[in-house]
Amino acid sequence: MEKETIRINKFLSQYGICSRREADRMAEEGRICINGQRAEKGSMVEPEDVVTVDGRLVERKQKEIILAFHKPAGVVCTSSKKEADNIIDYLKFPERIYPVGRLDKDSTGLILLTNNGQLMEDILRGRNGHEKEYIVTLDRPMKPEIYAAMEQGVPILDTMTKPCRISHRQGTQFHITLTQGLNRQIRRMCEYFGYRVRTLKRIRVMNIMLGDLPEGKWRYLTEGEITRLKQECRKRNLEGDRNGAAGS
């Protein structure tokens, strides 16, 4: 029987060490070793291999952790220690976890953190079109025709944003649901039409709601939330694979 082997980037992703892209970068920097030998980008791992990252042993058995965190303004969604206001130091969680995506420094609201690298990639994969909902407060009320134009797509960052959904329009505030995550997307969309975002708060990622979780606090996801989250990821992955095959 042949031994089951796996690429080093997938191995580290599965055990919640980092994303596959980050693993490739770490391999290029010489930070990963397999059986004491420096790993290359694309190196394969066998079941009995000993893998270390920055000299620390990668434990193959690991309890899955998925947190919902209400990020305050000023916290930066990065695990890099070079950033003084990074989210990992803010939480001081006792085990290694990573933020799933980002909220810009000035924004608040829901962000997920996990040690499950594969789940992180499934949620972030752009083609899957997972929904994220935000509450936006502007410097002045937006005209109805602008809402309609925004929902159709806005030219920013040399591309056209995907159609979105706007609801709960009241005064200077509205809800917007996106299926993509361009850099400072909502702020840029509003600026395109001459409006300035005063506050931006994310209240939902897929089926996970911020609810009444206090700012600066976190909670574990429930078993029901995790089950539904993974079901949605699997469904979207299958749809994406089918669409990709149809377009090839």
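User: How many bridges join strand 10 to strand 14, and what makes the two a pair?

Analyst: Strand 10 (residues 132-138) and strand 14 run antiparallel and are joined by 6 bridges. Strands pair if DSSP finds at least two bridges between them, so with 6 bridges these two count as paired. Strands here are DSSP runs of E with at least two residues, helices are runs of H or I with at least four, and both are numbered from the N terminus. A quick word on the source: this is a predicted model, where local features need pLDDT of at least 70 and side-chain atom pairs count only at pLDDT 80 or more, while totals for chains, interfaces and linings use all residues. Residues are numbered from 1 along each chain as its sequence is written, and side-chain values use heavy atoms, with hydrogens and water left out.

User: Why is strand 10 called largely enclosed?

Analyst: Count its residues: 6 of the 7 in strand 10 are buried, so the rest of the structure largely encloses it. Buried means under 20% relative accessible area, exposed means over 50%, and partly exposed is in between (1.4 Å probe, protein chains only). Strand 14 (residues 173-178) is mostly covered too, with 5 of its 6 residues buried.

User: What lies between strand 13 and strand 14?

Analyst: A turn: the two strands form a hairpin with 2 residues between them, and Gly 171 in the turn has a positive phi of about 60 degrees.

User: How do you know whether Asn 86 is buried or exposed?

Analyst: Its relative accessibility is 1%, so Asn 86 counts as buried. You'll find Asn 86 in the loop between strand 7 (66-71) and helix 3 (87-91). Leaving out residues up to four places away in sequence, Asn 86 touches Val 75, Val 76, Thr 78, Ser 80 and Lys 81, where contact means heavy atoms within 4.5 Å.

User: Which backbone nitrogens does the side chain of Asn 86 reach?

Analyst: The backbone nitrogen of Asp 89 is reached at 2.8 Å, and that of Ile 88 lies 3.1 Å from a polar atom of the Asn 86 side chain. A polar contact is a pair of N or O atoms within 3.5 Å; within protein, one must be able to donate a hydrogen and the other to accept it, and residues adjacent in sequence count only if both atoms are side-chain atoms.

User: And Glu 40: buried or exposed, and how do you know?

Analyst: Glu 40 has 52% relative accessibility, so it counts as exposed. Glu 40 sits in the loop between strand 3 (37-38) and strand 4 (44-45). Not counting residues up to four places away in sequence, Glu 40 touches Ile 8 and Ala 27.

User: How many helices and strands does the chain have, and what share of its residues is buried?

Analyst: There are 7 helices and 17 strands, and 46% of the 248 residues are buried.
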